[in-house]
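Me: I am new to this structure and would like each label set against its definition. Please show it to me.

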Amino acid sequence: MFNHRRKSALTIGTVLMAGSLVLGLTACSSSDSDSVKVGLITKTDSNPYFVKLREAAQAKADSSGAELVALAGAFDGDNEGQVAAIENLVGQGVKGILITPNSSTGVLDAIKKARDAGVVVIALDTATDPEDAVDATFATDNKAAGVSQGAWVKGTLGTTAPQVIMLDGTAGGTVDTFRHDGFLEGMGLTDSSPEIVGQENTNGDQTKAQTAMENLLQRAPGVNALYTINEPAAAGAYQAIESAGRADQITIGSIDGSCTGIANVKSGIIGATVLQFPAKMAEQGVDAVVKFAQDGTKPSGFNDTGSQLVTDKPVAGIDSQDTAWGEANCWG
């Protein structure tokens with residue numbers, strides 16, 4: 001994917017650290033040793049979402065005359081690998097680190113050491129807990145995204161009484177909780193509402209979601225609305241729903257905005273999804289580090305990079321875009 005960047009010099013290295021394999025991709029837009037060095041640590045280097053985020057960071061660094069050093073955990077949940085990556089980047093003299101933390105609390109000690117060393121640290125996509133453990137966060141307002149999803153499902157049901165199944169992500173996860181709570185708010189429900197007829201954690205995994213939905217359909221045959229933590233979970237659930245002959249009876253809402261997810265909205269597998277913008281997170285993060293290097297200005301607080309409901313079945317009064325727009329703005 002980097003071959004076309006004729007002005008870039010690319011080295012690929014593998015570094016074995018503390019039992020975790022960390023893939024390091026170093027692309028330099030300039031041979032100037034004084035250029036601003038920006039570190040990027042993603043959860044993995046293969047997930048299309050993080051590939052998009054890394055590509056956008058690289059492009060922004062290139063256009064800004066900065067140098068990007070990109071590292072990643074060996075697998076989703078590899079806190080140890082992310083800690084090693086933070087230490088690696090500090091050792092390389094980066095001015096700032098952009099990180100999508102695997103856990104909101106799992107890498108805080110390493111982040112503190114980096115900040116104590118004068119490195120500005122920015123969370124992308126996933127906030128830390130506490131939020132001020134980093135200098136700033138650039139991410140989707142996941143609760144607002146959940147509200148959009150819930151409001152659309154409620155509007156689509158109209159006067160029909162909802163019977164809702166919740167296919168959540170990981171229990172206690174920050175993003176998972178915000179999306180869950182936002183969906184319920186959009187539906188006008190709470191966790192104790194009798195309209196919720198089933199719930200399972202799926203870790204956002206398609207296979208787990210399919211199995212969960214197969215079981216829940218047995219226990220809650222009257223379900224007519226489905227919340228999914230992400231689009232793979234929606235796709236898995238749909239397989240179970242289709243096999244049960246219920247595809248035209250259950251309204252599915254989701255979140256993410258991958259190109260696969262948008263295609264599933266277009267084909268009717270998912271009723272609507274909420275598209276988020278990983279490229280904006282990366283671009284704004286690189287800009288913030290470059291500005292810090294230039295004049296010492298540190299970014300701060302939570303910075304919402306926006307989201308957009310995408311559906312070909314719009315509901316009056318709810319802002320949405322169609323799948324043609326989604327195809328032009330999706331990631332992955």
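Me: Why is Asp125 called buried?

Reply: Buried means under 20% relative accessible area, exposed over 50%, and partly exposed in between, with a 1.4 Å probe and protein chains only. Asp125 has 10% relative accessibility, so Asp125 counts as buried. Asp125 is found in the loop between β6 and β7, and its phi is near 75°, a positive value in a residue other than glycine.

Me: What kind of model is this, and how are residues numbered?

Reply: The model is predicted; local features need pLDDT of at least 70, side-chain atom pairs count only at pLDDT 80 or more, and totals for chains, interfaces and linings use all residues. Residues are numbered from 1 along each chain as its sequence is written, and side-chain values use heavy atoms, with hydrogens and water left out.

Me: Which peptide bond is cis?

Reply: The bond from Asp129 to Pro130 is cis, with omega near 10°. Pro130 is also placed in the loop between β6 (120-124) and β7 (136-139). Strands are DSSP runs of E with at least two residues, helices are runs of H or I with at least four, and both are numbered from the N terminus.

Me: What is the phi of Asp256, and is Asp256 buried or exposed?

Reply: Asp256, in strand β11, has a positive phi of about 155° although it is not a glycine. Its relative accessibility is 11%, so Asp256 counts as buried. Most residues other than glycine have a negative phi.

Me: How do you know that Cys259 and Cys330 form a disulfide?

Reply: A disulfide is a pair of cysteine sulfur atoms within 2.5 Å, and the S to S value for Cys259 and Cys330 is 2.1 Å. A search of the whole structure finds one disulfide.

Me: Why is this disulfide called right-handed, and what does the pair tie together?

Reply: The torsion about the S-S bond of Cys259 and Cys330 is about 90°, so the disulfide is right-handed. Cys259 lies in helix α8 (residues 259-267) and Cys330 in the segment after α10 (323-329), so the pair ties together parts that are 71 residues apart in sequence.

Me: Are these two cysteines buried or partly exposed?

Reply: Cys259 has 28% relative accessibility, so Cys259 counts as partly exposed. Cys330, with a relative accessible area of 15%, is buried.
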